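This report walks through side-chain contacts, the nonpolar core and secondary structure. Please keep the sequence and the model at hand while reading.

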Amino acid sequence: MKDLTPDRASLDPIEIASRDEITALQIDRLRWSLRHAYDNVAFYTNSFDAAGVHPDDLVDLSDLAKFPFTVKTDLRDNYPFGMFAVPRNQIRRVHASSGTTGQPTVVGYTAQDLHHWGAVVARSLRAGGMRPGDMLHNAYGYGLFTGGLGIHLGADALGLITVPVSGGMTPRQVRLIDDFKPKGITVTPSYALSVLDEFHAEGIDPRDTSLEVGIFGAEPWTNAMRQEIEQAFDMHAVDIYGLSEVIGPGVSMECVETKDGLHIWEDHFYPEIINPETGEVCAEGEMGELVFTSLTKEAFPIIRYRTRDLTRLLAGTARSMRRMEKVTGRSDDMIILRGVNVFPTQIEEILMRQTALSPHFQIELTRPDRMDQMRVVAEIAHKGVTHTDRDTAARALVEGIKQSIGVTVDVHVGNVGDVPRSQGKAVRIIDRRSNSG
C-alpha cells in the first residue's frame, strides 16, 4: 500500500495547535453555543431552567457536566422543526432519519453550517489520504440520510472529482470502479464486503483496481474486518465517524498514517465520555458512552447529546485533537443473553478468525421455553469449502464465542449468499423473541 500521509503544511492550523489554544477556543465557542440554544430553542430553555443551570454558569470546560443531556426521544418529541434555533428562511438544508423505529429525527443547516460541515468532511477526507484532484467513488446513500450528500459536500470543498454512485446496484459499482479508476471509495464496511463479493463473481481481482484507500463509516466495524478489506483490495481502510444529530459524517476521522483511533474535530464538537448507567463523566481513557455538544452549529445546536456509542477518549497523536477509539458497539445494540452482555462486533471478531467462513453474518434471538437463545447465521467463504471444513468452522465459532464471551450459542453455516447482503448499513440482529415462547 502507498504512503498517503498528508503534507503537514496542508493541514488546518487548528489540527496541530497546542492543547491550550484548542481549549481556549472550545470555551469561547461553548459559551456561545449554550447561549444560542437557550435563547432560541424552547426545549433548551425549559431543560436548562428545570436543571437550575444557565449558560453563564459555564466558566471552564468541566462546568458542562452541570447541564442536562439531550436524547433521541427529545428530538422525536419536537418533530419536525421544534429543535431549530433560527427562522425557517435561514435554513438551507434539511436531513432526517428513516423513522423506522419511531418518529423521524429532523436536522437542519444554515449556509454557515453547510460551510462548516464541508470543511470538517474535507479535513477528514484529507486525513484519510485523499488530495485535491483525486477521484472519489461515493457509495454512501444519497437523500435524507446524511452520508452521501455529507461526503459529497466535503469532497467538493477539498477539490475532489466525485462519482456520486450512491448505494445499491452492486454490479454497476464494480464496473465504474474498474472503468473510472478512482483513488478512494466511501462506503459502509458491510457493503464493501458485498462489492468485494461482486468483484470475485465477475472474475476481477480487487487488488488490481486503482483503489488506494477506503473510508468506512455509519456502522461499527472491527480491526479484523479492516485487515480483511486491506488484504483483499491492497488498499488502506480507515474509519470515519458521524451522526446526523451532531452534523453527519465528519465528526471524527482516523488518520491514514497512524490508524490508531479517530481524531475528533474538537474545534466544532466537544466530546465527553459518561457512565451509561449513572450519567457521570468518566476520566479520560475510561470506556463509556460518547456524548457530544456542538460548538458552531446555528440551525440545530445540540447540547450533551447521548450518542449511545461506546468508546473512550485518548490523547492526540497524528493531530493535537483527542482521539476516540473505534466504536465497539452501542449501548442500545447490546444483547443481554442470560445475564451476559454481548455485542455484534464481538461475534464479528471471532467469526473473522475462521478462514472457511465469509464475513457476512446475522444474529437471531429467540425465546423458546422462556429462555433467551442466540443463533449465529453465517456462510461458507466460497463454494470450495468442504462439508468437513464447514462443520469444523462452525464448531470453532461456537467454542470461540463460549471462550471469549462466556455464552453458548447455536451456529448455522449456510452456502455462499445465504446471509442477506447489505445495500447500506448491515442488519446484524434479528430479534424474534416476541414471536417465540
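Glu 364 is buried, at 15% relative accessibility. Here buried means under 20% relative accessible area, exposed over 50%, and partly exposed in between (1.4 Å probe, protein chains only). Glu 364 forms a salt bridge with Arg 375, and their closest N and O atoms are 3.7 Å apart. A salt bridge is a side-chain nitrogen of Lys or Arg within 4 Å of a carboxyl oxygen of Asp or Glu. Glu 364 lies in strand β18 (residues 362-366) and Arg 375 in strand β19 (residues 373-379), so the pair ties together parts that are 11 residues apart in sequence. Helices (H or I, at least four residues) and strands (E, at least two) are DSSP runs, numbered from the N terminus.

This is a predicted model, in which local features need pLDDT of at least 70 and side-chain atom pairs count only at pLDDT 80 or more, while totals for chains, interfaces and linings use all residues. Residues are numbered from 1 along each chain as its sequence is written, and side-chain values use heavy atoms, with hydrogens and water left out.

Arg 375 is partly exposed, with a relative accessible area of 31%. Arg 375 also meets Asp 410 in a salt bridge, at 3.4 Å from N to O. Asp 410 belongs to strand β20 (residues 410-414) and Arg 375 to strand β19, so this pair ties together parts that are 35 residues apart in sequence. Asp 410 is partly exposed, at 43% relative accessibility.

Helix α1 (residues 19-40) holds another pair. Arg 35 and Asp 39 form a salt bridge, with 3.2 Å between the closest N and O atoms. The two are 4 residues apart in the helix, which separates them by about one helical turn. Arg 35 is partly exposed, with a relative accessible area of 30%. Asp 39 is also partly exposed, at 46%.

| Salt bridge | Closest N to O |
|---|---|
| Arg 35 and Asp 39 | 3.2 Å |
| Glu 364 and Arg 375 | 3.7 Å |

The whole structure has 32 salt bridges. A network of them links Asp 12, Glu 15, Arg 123, Arg 126, Glu 257, Asp 267 and Arg 319.

## Core and aromatic rings

Which residues touch the most other members of the largest nonpolar core? They are Tyr 44, Leu 125 and Tyr 241, in a core of 74 residues. Helix α4 (residues 111-127) gives the largest share of this core, 7 residues. A nonpolar core is a set of buried Ala, Val, Leu, Ile, Met, Phe, Trp, Tyr and Cys residues joined through side-chain atoms within 4.5 Å.

Leaving aside residues up to four places away in sequence, Tyr 44 touches Ala 37, Tyr 38, Thr 70, Met 83, Pro 301, Ile 302 and Ile 303. Contact means heavy atoms within 4.5 Å.

There are 10 aromatic pairs in the structure. In one, the ring centres of Tyr 38 and Phe 48 are 5.8 Å apart and the planes lie at 15°, so the pair is stacked. It links distant parts of the chain, 10 residues apart: Tyr 38 in helix α1 and Phe 48 in helix α2 (residues 42-51). Both Tyr 38 and Phe 48 are buried. Phe 81 and Phe 84 make a tilted pair, 5.2 Å centre to centre with 45° between the planes. Phe 81 is partly exposed, at 34% relative accessible area, whereas Phe 84 is buried, at 10%. Rings of Phe, Tyr and Trp (its six-membered ring) pair if their centres lie within 6.5 Å; planes under 30 degrees apart count as stacked, over 60 as edge-to-face and the rest as tilted.

One aromatic cluster brings together Tyr 38, Phe 43, Tyr 44, Phe 48 and Phe 67.

## A sheet and a helix

An open sheet of 4 strands runs in the order β10-β11-β12-β15, paired antiparallel. Edge strands β10 (269-274) and β15 (329-330) each have a single partner strand, so one side of each is left without a neighbour in the sheet. Two strands pair if DSSP finds at least two bridges between them. Strands β11 (residues 288-294) and β12 (residues 305-311) are joined by 4 bridges. Phe 292 stands opposite Tyr 305 in β12.

Helix α8 (residues 223-233) has several buried residues, among them Met 225, Ile 229 and Phe 233. The buried residues of α8 pack against α7 (189-201), β6 (213-216), β7 (236-243), β8 (248-254) and α9 (344-351). Asp 234 follows α8 and has a positive phi, near 55°.
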